[in-house]
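Please look at the model below together with its sequence.

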Amino acid sequence: MSSKGLGLFPASTGDYRALAEKRLPRALFDYIDGGACEEKTLAANVADFQNIMFKQRVMRDVSTINTKTTFFGNAYELPMVLAPIGLAGLMARRAEVQAVRVAEATGIPFCLSTVSICSLEEVAKAATKPFWYQLYMMRDRGYVEQLLQRAENVGCDTLVFTVDLAVVGPRYRDVRNGMTAEGTPLIKIRKLMNLLSHPQWLHDVGIKGKPHVFGNLSEFVPGAQKLEAFKSWVDSQFDASVTWKDIEWLRGKWKGKLIIKGILEPEDALEAVEVGADGVVVSNHGGRQLDGVQSGISMLPHIVEAIGDKAEILVDGGVRSGQDIAKARALGASNVMVGRPWVWALASQGEAGLQQLLTTIKAELNITLALTGCPDINELSPAILDKSQR
Ligand SMILES: Cc1cc2nc3c(=O)[nH]c(=O)nc-3n(C[C@H](O)[C@H](O)[C@H](O)COP(=O)(O)O)c2cc1C
């Protein structure tokens, strides 16, 4: 049972979500929050983490706790990555720039989306270390090569290639909010009224957060000012014919680390390893693609069994706390990606909010390690989990 108390400070990711809901125009909040169709997979992502139980262990020396890990040879403060989120810069002013700064201050990687508002170059100006870049395959491989070159030029060391978006999942909330159609003048007026009833967002992001374009793609859609123009270009460029052969091609082009994101089946994980991936993200795209598939966390043990240590295994979908990170590590993930929470925190309380959320998650992870009697994150195993139905 949770109580909102006096509501003076946000304590959990759920609290940041509630604050973001107040701050954002309805269509934007639902764009972030929603999933595909009836949102069964979206719900399972969160519920499946919550249903994993720990064993409480006592009388062990937990006076020194370690959450530090290495990933691809780099040291990080905790095994968590800010996931690629398209259009984040519509939720908070130049959100991707704020996110990379907070990720660096916390000692974790930030991954920039192909369809971000801020460009690779704008984010790089704010960063002092390499960040990650996420890519979707475009029909015109020339564009792909240019994006890879730009990512390399700004020092990105890890490419996350997303494979679970061959076509876009149907998202009922976006349809209901008129995000997918032009609409009649009356619908346009209702949308405008909703924007006007969120003055803080309107001032901070709507006006001061411009330009609202797909920063990485503006050179391919010259003269485009409106997001609609970018969206139709992206729709025409998304390549549904992509197969593992194309990943082989990509592998040949990208010298850095390559992570394939959007794997749920062991056979696909094996294919990813076969074409030379350095890592996979067990993911259903935050429940936004095929509604009715299993959660990432429930498929994680099967992927671990299939590929073992042949590649790094990350998991995402529903990670909402430090406890969830410990659960994912115990089940064999080397790292987790966190999506919606970072945007909720930035949308509601800006950079300070995101910093506070990450500090909270790290503190929760510390406490979990202490109370499960396993003070070093690198030694977590299924032994900390209670699989019995007692
Ligand atoms: C609004 C939104 C936009 C997203 N955009 C992208 C994207 O551009 N590229 C990508 O690979 N994944 C994208 N994702 C998926 C996330 O990277 C991640 O897999 C997912 O959010 C994890 O689930 P969580 O939100 O429950 O943490 C997006 C997710 C959301 C919610």
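In this predicted model, M80 stands opposite V336 of strand β11. M80 belongs to strand β4, residues 80-82, which pairs with β11 in the parallel sense over 3 bridges. Strand β10, residues 312-316, also runs parallel to β11, and 3 bridges join the two.

Which way do the residues of β11 point? N335 and M337 point one way from the strand, while V336 and V338 point the other way. Each of these four residues is buried.

Next comes the ligand. The shell around the ligand holds 25 residues, and the closest are A83, G86, S113, G286 and G339. Two elements give two or more residues to this shell: helix α2, residues 26-33, and strand β11, residues 335-338. Sorted by class, the shell has 12 polar, 9 nonpolar and 4 charged residues.

Helix α2 has its own buried residues, namely L28, F29, Y31 and I32. They lie on the same side of α2, because they cover an arc of only 160° around the axis. In an α-helix there are 3.6 residues a turn, so residues three or four places apart point the same way. What do the buried residues of α2 pack against? Their partners are the helices α1 (13-23), α7 (172-176) and α15 (340-371).

Methods. Residues are numbered from 1 along each chain as its sequence is written. This is a predicted model: local features need pLDDT of at least 70, side-chain atom pairs count only at pLDDT 80 or more; totals for chains, interfaces and linings use all residues. A residue is near a molecule or strand if its C-beta atom, placed from the backbone, lies within 6 Å of it. Ala, Val, Leu, Ile, Met, Phe, Trp, Tyr, Cys and Pro count as nonpolar, Asp, Glu, Lys and Arg as charged, and the others, Gly among them, as polar. A residue is buried if 20 or more other C-beta atoms lie within 10 Å of its own, exposed if 12 or fewer, and partly exposed in between; C-beta atoms are placed from the backbone. The arc is that of the directions from the helix axis to the C-beta atoms. Two residues are in contact if their C-beta atoms, placed from the backbone, lie within 7 Å. Two strands pair if DSSP finds at least two bridges between them.
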